[in-house]
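Let's take a walk through this one together. Have the viewer open and follow along as we go from one chain to the contacts between chains, and then down to single residues.

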Amino acid sequence: MTETKYASPRAKERASQREAGPKPQNFVQIRNRRRLRAALKHALLIVTATLMLYPVIWLIVSSLRPSDEIFRNPGLVIGDPQWSNYSEGWNGLAQPFGVFLLNSALVVLGCIVGNLISCSMAAYAFAKLRFTGRRMWFAIMLVSIMLPIHVLIVPQYIFFANLGWVNTFIPLILPKFLATDAFFVFLMVQFIRGIPNELLEAARLDGCGHPRIFMSIILPLMVPALATTAIFTFIWTWNDFFSQLIYLTDPNLMTVPVALRGFMDSSSSTNWGPLFAMSVVSLVPIFFVFLFGQRLLVQGIARTGGK
Amino acid sequence: MSSLGELRRVAKSAKGAVEDKAARTKDNKAAYLFLLPWLIGLGLITIIPMVSSLVLSFTDYNLLRAPSFNGLDNWIHMLSDEHLQNSLRVTFTYVFISVPLQLGFALALAVLLNRGLRGLAFYRSIYYLPSLLGTSVAIAVLWRAVFGGEGLVNQVLAVFGINGESWIGSPDTALSTLVVLNVWTFGSPMVIFLAGLRQIPEGYYDAAQVDGAGAWTRFTRITLPLLTPIIFFNLVLQVVHTFQAFTQAFVISGGTGGPLDSTLFYTVYLYKRGFGNFDMGYASALAWLLVLIIAAFTAINFWAAKYWVFYDD
């Protein structure tokens, strides 16, 4: 026993303390102590989770309350649900809220299609093809992930304004067809690298060209990466406010975030019920995407972020 | 491999080995065809606008008349622009306080959640959800209602007999409500930490435990050092993101960055100058200053990484 080597003098000290100190008498005691520790951990985690979600739940509950009650009731009990908040909010702006939902859905759809096509093409080239300048282009792509959009927005706006494309969805969607969301290129590169080269070699020996390999081998195998991209694009575009605020000023073309912000600025301080109701409506799609796509979201983040 | 790890590898291999050029034929034609959309985007949507905004930063331009060169006027004006100084102070405070807090929370909860905890997936989902909602306008609306004069926070405080002022209406506290909002979205760095924690071989902990290392020692001697590349990745990414924060400050302050410039994020000020006053020349100069600031901080981060980031390869 005296020959045992310890990681550090402190470890040695602690080990000897442990031997001398009151030792758990039996397995029951050890098990109880472990259970107590687990219970404390869970209590801490549950309290944190409750604190975090409370405001969101309060938002949902309050959206069913009369406006004058919202700021008097921090609790979660609803007396008489005011569904009228929803109908009032739905028709609270120049257009019914459904128009904004549809506009957002169109922009989101366009962005998803654009990202899926352009990013997967670029990713295939970076992951599996050998070409001159590959390393340089790849480094540029990686650096562009971190480039702030603000340095581009002024000239882009001038450019799109000159083409007469302000108050259209083109400035929001077109860049996605040109793979400007380099983050997704990177995510897909990571994924395609995992596809065995032997598979591609075999296809090549069978006479497949690159377009064929891409369409019938790469794309079907990278469905999880495509799904992750679609989900992230959905959430980011749905929430995107900066560029939609800049390009969409026509009330008929406003997307949900822009409309909601207009609603907030125009509604008087007594009109919180309908405003809350439309806030909830605007979060519903995100919530569903999260519900069905969270496994992919978590994997996607972990894969591109993990070491 | 994170994008940063990847970049490091690219840089490393560029210095080192000569590629076996003859080994395989190249697919130049196919590759550039597949890259075509990306290359067009890089040119039209990224590089040309970058260069144009640099050029515009030396002009006076309001969209109506053609830009006219005014030399260094925009850049000199920045030196005496009080709002800019306010916005820099606000933005730096915001970045320096909310990034460490957010990453601290993310790391603490990732460590708590790691290692076979029952209900891990459930907790992870709940903690992750706010980071998806956090930048939406709806949550900004909610934040106004939570931290307003009669908001949720003050309602709860009133139960304890404390009469709170509006957190958003006071220049002393408005920024802190935004910090809270940013910390609230710690879920996405947490998920990255969780993935990193899973890469640490269980054997290290077993060996340490046999040697009598306590939980804290195991954390500081094994977990932290092996996690430094991921902490670094999260740090660089969050600093870059946080400098660009816009929506929440814009919506919560009603587009003003007030009260008294106390939530005037850099990007909010840039928006006001560029798309409020249509001062495109000045806004371009502001945008370039932001790029320089972010680049400088990223460079400092990379330089400092030599002293604290531990690579296991």
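**A tour of the two chains**

Let's begin with chain B: of its 313 residues, 55% count as buried. Keep in mind that we're looking at a predicted model. In chain B you'll find 14 helices and 2 strands. Its C-alpha trace spans about 75 × 70 × 35 Å along the principal axes. If you take the contacts in chain B with a separation of 6 or more, 70% of them come from residues 24 or more positions apart.

Now bring chain A into view. How many residues of chain A are in contact with chain B? The count is 104 residues of chain A, touching 105 residues of chain B. An interface is often sized by the accessible area that is lost when its parts come together. On that scale, chain A and chain B bury about 9500 Å² between them, and 74% of this is on carbon and sulfur atoms. Helix α15 (residues 272-305) of chain A supplies the largest share of the side that touches chain B, with 17 residues. Sorted by class, that side of chain A has 71 nonpolar, 18 polar and 15 charged residues. Despite those charged residues, the count of salt bridges between chain A and chain B is 0. Polar contacts are another matter: there are 14 residue pairs of this kind between the two chains, counting pairs with both residues at pLDDT 80 or more.

Let's zoom in on one residue from each chain, starting with Thr46(B). This residue sits in helix α2 (residues 28-56) of chain B. Is Thr46(B) buried or exposed? Thr46(B) counts as buried because its relative accessibility is 12%, and the cut-off for buried is under 20%. Setting aside residues up to four places away in sequence, Thr46(B) touches Gly41(B) in its own chain, plus Leu147(A) and Leu152(A) across in chain A.

Over in chain A, pick out Ser118(A), which belongs to helix α5 (residues 97-128). Ser118(A) has a relative accessible area of 1%, so this serine is buried too. What is Ser118(A) in contact with, leaving aside its neighbours within four places in sequence? The partners are Lys176(A), Phe177(A), Leu178(A) and Ala179(A), along with Pro37(B) from the other chain.

Last stop: the domains of chain A. The domain assignment gives domain 1 (9-62) and domain 2 (87-305). Taken over C-alpha atoms, the centres of these two domains are 41 Å apart. Where they meet, 4 residues of domain 1 are in contact with 4 residues of domain 2. Together the two domains of chain A bury about 360 Å², with 91% of that on carbon and sulfur atoms. Which residues of domain 1 lose the most area to domain 2? They are Leu59(A), Ile60(A) and Ser62(A), which together account for 84% of what the domain 1 side buries. By class, the side of domain 1 that touches domain 2 has 3 nonpolar residues, 1 polar residue and no charged ones.

Methods: Residues numbered from 1 in each chain as written. Chains lettered and ligands numbered in written order. Predicted model: local features only at pLDDT ≥ 70, side-chain atom pairs only at ≥ 80, totals over all residues. Heavy atoms only, no water. Domains from an automatic or database assignment. Contact = heavy atoms within 4.5 Å. Buried area = accessible area lost by both parts, 1.4 Å probe. Nonpolar A, V, L, I, M, F, W, Y, C, P; charged D, E, K, R; others polar. Helix = DSSP H or I, 4+ residues; strand = E, 2+ residues; numbered from the N terminus. Buried < 20%, exposed > 50% of the residue type's maximum accessible area, 1.4 Å probe, protein only. Salt bridge = Lys/Arg side-chain N within 4 Å of Asp/Glu carboxyl O. Polar contact = N/O pair within 3.5 Å; in protein donor to acceptor, adjacent residues only side chain to side chain.
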